[in-house]
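Welcome, and thanks for taking a look at this one. Please have the sequence and the 3D view open side by side as you read.

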Amino acid sequence: MGIIGLGKLGSALGLRLRERGYRVIGSVKTYRSLERASKLGFEVHLDNNLVVDKSDVVFLSVKPYNVAEVAIKTDKPVVSFVAGVPLARISGLSTRPYRAMTNIGLTAIAVSGEYDEGIDNLLKSLAPVVLWVEEKLLDPLTVVLGSGPALVAKLLRAYVEAAVNVGVPWDLAKSIASGLFSTAPQLVERLGYDGVVEAVATPGGTTIRAITRMAGLEGLLATAVEEAVARLIPKS
Ligand SMILES: NC(=O)c1ccc[n+]([C@@H]2O[C@H](COP(=O)([O-])OP(=O)(O)OC[C@H]3O[C@@H](n4cnc5c(N)ncnc54)[C@H](OP(=O)(O)O)[C@@H]3O)[C@@H](O)[C@H]2O)c1
């Protein structure tokens with residue numbers, strides 16, 4: 001498998017591919033990054049066409065402003081993870097273009113392009129969830145999925161700080177918050193959002209006080225995500 005742009009996301013993809021038994025060959029732009037990526041055990045080059053020649057499928061993971069420099073032309077599938085760069089532009093690099101989005105945790109991959117079972121299986125070996133979507137969804141998903149780990153980390157951190165603020169030691173607060181965030185989906189699945197709140201909040205009690213004070217949270221998060229998506233779209 002080839003990865004053009006063995007940076008933060010490209011390396012995460014490369015490491016996961018290698019774990020799954022694929023041979024990974026990649027490229028970067030500078031010697032400094034070539035040394036860094038080589039230390040991770042990848043075969044790294046400064047020549048993108050060499051990567052294309054030696055790969056069955058090519059992942060593209062350069063910054064949007066570097067796409068113009070990537071002078072490749074191939075009939076092999078090219079799966080681009082580049083934020084905001086449309087499928088039409090990737091079709092200038094490959095006759096089998098795909099535009100995808102994921103995050104550094106590879107928690108899910110959303111992809112658009114002509115459905116292909118081989119590509120589907122390859123992506124399913126990289127992430128537990130693979131969603132074939134219309135291309136127009138990839139802009140909002142750049143924030144919701146791509147930025148997701150940073151946004152959720154921010155929420156997790158806020159929970160830890162709220163606990164520390166009422167006297168819970170840092171290590172205890174971190175461990176409790178991690179447990180809550182990792183088990184919340186199962187609890188919500190079982191009881192529903194309202195069910196979880198109603199199971200915990202006694203009328204006139206402590207929980208409902210905290211819940212009512214959190215009333216602005218949904219609007220704040222919605223505005224934050226909306227503004228981030230708006231920042232992306234004019235660049236596409
Ligand atoms: N990071 C994330 O969480 C995330 C999540 C979803 C999507 N993405 C998307 O993934 C892409 C990469 O993001 P990143 O955070 O991984 O950036 P990054 O760490 O800066 O990695 C980009 C890599 O591309 C290489 N590169 C630049 N120009 C190149 C060229 N002409 N030929 C070959 N390689 C070239 C860079 O090499 P040098 O270091 O030598 O310049 C660098 O290794 C972006 O388009 C971003 O939108 C990122």
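This is a predicted model: local features need pLDDT of at least 70, side-chain atom pairs count only at pLDDT 80 or more; totals for chains, interfaces and linings use all residues.

**Overall layout**

- Along the principal axes, the C-alpha trace of the chain spans about 65 × 35 × 30 Å.
- Of the 236 residues in the chain, 38% are buried.
- Among contacts with a separation of 6 or more, 39% are between residues 24 or more positions apart.

**The annotated N-terminal stretch**

- An unreviewed UniProt entry gives residues 2-84 the annotation "domain: Pyrroline-5-carboxylate reductase catalytic N-terminal".
- Over residues 2-84, the chain is 33% helix and 23% strand.
- The end C-alpha atoms of residues 2-84 lie 21 Å from each other.

**The sheet**

- Eight strands make up an open sheet with mixed pairing, and their order is S3-S2-S1-S4-S5-S6-S7-S8.
- Strand S3 (43-45) and strand S8 (130-132) are the edge strands; each has a single partner strand, so one side of each has no neighbour in the sheet.
- On average, neighbouring strands of this sheet are turned by 25 degrees against each other, direction ignored.
- Strand S6 (residues 94-101) pairs with strand S7 (residues 109-112) in the antiparallel sense, over three bridges.
- Arg 99 has Ser 112 in S7 as its bridge partner.
- Helix H5 (residues 117-124) packs on the sheet, where it touches strand S4 (58-60), strand S5 (74-80), S6, S7 and S8.
- The direction of helix H5 makes about 145 degrees with that of S8.

- Asn 48 belongs to helix H3 (residues 48-53).
- Is Asn 48 buried or exposed? With a relative accessible area of 17%, Asn 48 counts as buried, because the cut-off for buried is under 20%.
- Leaving aside residues up to four places away in sequence, Asn 48 touches Ile 4, Ser 27, Val 70 and Ile 72.
- One of these, Ser 27, also makes a polar contact with Asn 48, side chain to side chain, at 2.6 Å.

Technical notes. Residues are numbered from 1 along each chain as its sequence is written. Side-chain values use heavy atoms; hydrogens and water are left out. Two strands pair if DSSP finds at least two bridges between them. Helices (H or I, at least four residues) and strands (E, at least two) are DSSP runs, numbered from the N terminus. Axes are lines fitted to C-alpha atoms, for helices over the stretch in contact, and angles run from 0 to 180 degrees between N-to-C directions. Contact means heavy atoms within 4.5 Å. Buried means under 20% relative accessible area, exposed over 50%, partly exposed in between (1.4 Å probe, protein chains only). A polar contact is a pair of N or O atoms within 3.5 Å; within protein, one must be able to donate a hydrogen and the other to accept it, and residues adjacent in sequence count only if both atoms are side-chain atoms. UniProt positions are given in the numbering used here, feature names are shortened, and annotations may be inferred rather than shown by experiment.
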